[in-house]
Amino acid sequence: MPDFDLIVVGAGHNALITAAYAARAGLRVGVFERRHLVGGAVSTEELVPGYRFDYGGSAHILIRLTPVVEELELSRYGLRYLDLDPMFHCSDGETPWFIHRDAARTADDLERLFPGEGEAYTRFLNDWTPFAEAVSDLFMSAPGPLELGRMALASGKGGDAGARLRRILRPYGEVSREYFREERVRAPLNWMAAQSGPPPTDPISAPFLLWHPLYHRGGVARPRGGSGGLTRALARAIEAHGGQIFTNAPVREILVRGKRAQGVRLEGGDTYTARAVVSGTHVLTTAAALPPEHVPAAAREVRVGNGFGFVLRLALSSPVRYRHHTEPDSRVGMGLLIKNERQLLKGYGEYLAGEPTTDPPLIAMSFSAVDDSLAPPGGEVLWLWAQYYPYELSRGTWDTRAAEARENVLNAFEHYAPGTRDKIVGELVQTPLWLEQHLGLHRGNVMHLEMTTDQMFAFRPWMQASGYRWPGVRGLYLTGASTHPGGGIMGASGRTAARVILSDLTRRAWR
Ligand SMILES: Cc1cc2nc3c(=O)[nH]c(=O)nc-3n(C[C@H](O)[C@H](O)[C@H](O)COP(=O)(O)OP(=O)(O)OC[C@H]3O[C@@H](n4cnc5c(N)ncnc54)[C@H](O)[C@@H]3O)c2cc1C
């Protein structure tokens, strides 16, 4: 008898979700993780005494649009979500405004501050909510080949479907202009859309902006105790159903015999067998673990891009104080801090030339404002996420240029909250190289693969593998950000992969 029914390679949140569904269905599950803790890009540790730092994603948005947390009963295993309201603190440094969970309140505030823009915001939400909901539904199942067309058809009843489709195919920077006259409204909305990677000028990138209405539906939340609260709860759920989790257990090889996955061999040489194997690592890591004859050319041709973001994580002796502060709101929501639209475009231009952005727009997150377990009394954690940062630099290496990038991020934040640098008592600098070395994110891409149309839906990671089954090797499955619907804390990929695996292994339809 094999050691397990299902071996899970990697313990990122998607892989853990697959493992949790499988364990609940009665399969004997073994999870093997390279690092010393579970969670991958959704993990948290006390890196400075008294201060808990997230290693990767911090804002839980997409997962709240899925049934994962309820289906797996994660509150029973210690997960407690804290809702952020306001969800976003938008600012050019002079005129802050807020996106509340309540759309009407947001529109009223906007109307008072920028006459006409509140009405535009409401129109934007009304126009695109059906589309955003249709996309969200498509994210919850295995992708088919005609998703964009289906999205357009599902994007609303009546009106001019052709005009809607044209907008969907446009760059989001242009669509935001069609709705909002005020740059101080457009720039932060564009900056949030840029979080998936593509810049505001990319064709067919509009969906990243048109998704915005769903923030008002699902909200923005934080697990108490840090982002890793989600993956710790998943680990407990797996173990409660008899699953086993091995950390410090890097998988070197996925064993294949007679075109069937047999199990894994770890770096240390130990082997474990299973009826099936699912890999939740980066797809290039999965490919590297397979015998070369089982790796099709398409697997090596995926586009990973050239870096993306840079994070400066700070432990502060006292709370952030914004120049134009409206305490505590400004510290609660995600700070979409951007001076104007040009700032993002200039940063992207520098990135294309192989240079780190000199004056980056920032996402500022100081979640100790809502969670007193993250910092000692009176202290604060502050994460500053900045874009765009190339993995391959035009000159120097990340070892020699990290300090300069850190300075530029801190200088950029001083525009909003002067004096912050004097409060620093500890820090973690995450360059694209750091993300690759520590989290296994190839070339520092936090979404694993570029989130562009050629690699979304049925094209992720490539057509023949988009059904979560590795082509040509029976019993080998994929999950994670390398598969549909891509990166971000969502778990949809983990859930759909579980569905595919369970129907193959148990011959029972998913209920
Ligand atoms: C700095 C940063 C900030 C982010 N911010 C946000 C955010 O605020 N909101 C949001 O929604 N998303 C955010 N993201 C993106 C999001 O966190 C990721 O896209 C997502 O968590 C990926 O999860 P995953 O389960 O697919 O894979 P991963 O988290 O990449 O998990 C893969 C796992 O496989 C393990 N592994 C690798 N090789 C091996 C091996 N040989 N053997 C065994 N195990 C192995 C890795 O250690 C890792 O644990 C951010 C990501 C980063 C890095």
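The dialogue below takes the features in turn.

Q: What kind of model is this?
A: It is a predicted model.

Q: Into which domains is the protein chain divided?
A: A domain may be made of several stretches of sequence, as here. Domain 1 takes in 4–44, 226–303 and 446–506. Domain 2 covers 107–212, and domain 3 covers 305–443.

Q: How far apart are the C-alpha centres of domain 1 and domain 2?
A: They lie 32 Å apart. The contact between these domains takes 15 residues from domain 1 and 12 residues from domain 2. On the domain 1 side, 8 residues are nonpolar, 6 are polar and 1 is charged.

Q: Now the ligand. How many residues surround the ligand, and which are the closest?
A: There are 38 residues around the ligand. The closest are Gly-10, Gly-12, Gly-40, Gly-57 and Gly-487. By class, the shell has 19 nonpolar, 16 polar and 3 charged residues.

Q: Which domains and helices supply the shell around the ligand?
A: Domain 1 and domain 3 each give at least three residues. Helices α1 (13–24) and α17 (432–439) each supply at least two. The largest share, 3 residues, comes from α1.

Q: How do I decide whether a residue is buried or exposed?
A: Count the other C-beta atoms within 10 Å: 20 or more means buried, and 12 or fewer means exposed. Val-256 has 21 C-beta neighbours inside 10 Å, so it counts as buried.

Q: Which residues does Val-256 touch, leaving out those up to four places away in sequence?
A: Val-256 touches Ala-261, Gln-262, Leu-290, Pro-291, His-294 and Val-473.

Q: Where is Leu-433, and is it buried or exposed?
A: Leu-433 lies in helix α17. It is buried, because 20 other C-beta atoms lie within 10 Å. Apart from neighbours within four places in sequence, Leu-433 is in contact with Tyr-391, Trp-398 and Gly-444.

Q: Which residues touch the most other members of the largest nonpolar core?
A: They are Leu-6, Ile-238 and Leu-384, in a core of 160 residues. Take Leu-384. Beyond four places in sequence, its contacts are Val-311, Leu-312, Leu-362, Ala-364, Val-409 and Phe-413.

Q: Why is α11 called largely enclosed by the rest of the structure?
A: Because 10 of its 13 residues are buried. Among them are Leu-230, Arg-232, Leu-234 and Ile-238. The buried residues of α11 pack against α1, β2 (29–32), β3 (44–48), β8 (220–223) and β9 (244–246). Gly-242 follows α11 and has a positive phi, near 90°.

Q: How does helix α18 compare with its expected length?
A: Helix α18 (residues 492–506) has 15 residues. It reaches 21 Å from first C-alpha to last, close to the 21 Å expected. Its buried residues include Ala-492, Arg-495, Ile-501 and Leu-502. Elements that cover the buried residues of α18 include β1 (4–9), α1, α4 (117–139) and β12 (271–279). Just after α18, Arg-507 takes a positive phi of about 55°.

Key:
Residues are numbered from 1 along each chain as its sequence is written. This is a predicted model: local features need pLDDT of at least 70, side-chain atom pairs count only at pLDDT 80 or more; totals for chains, interfaces and linings use all residues. A residue is near a molecule or strand if its C-beta atom, placed from the backbone, lies within 6 Å of it. Helices (H or I, at least four residues) and strands (E, at least two) are DSSP runs, numbered from the N terminus. Ala, Val, Leu, Ile, Met, Phe, Trp, Tyr, Cys and Pro count as nonpolar, Asp, Glu, Lys and Arg as charged, and the others, Gly among them, as polar. Domain bounds come from an automatic or database domain assignment. A nonpolar core is a set of buried Ala, Val, Leu, Ile, Met, Phe, Trp, Tyr and Cys residues joined through C-beta atoms within 7 Å. Two residues are in contact if their C-beta atoms, placed from the backbone, lie within 7 Å. The expected span of a helix is 1.5 Å times one less than its number of residues.
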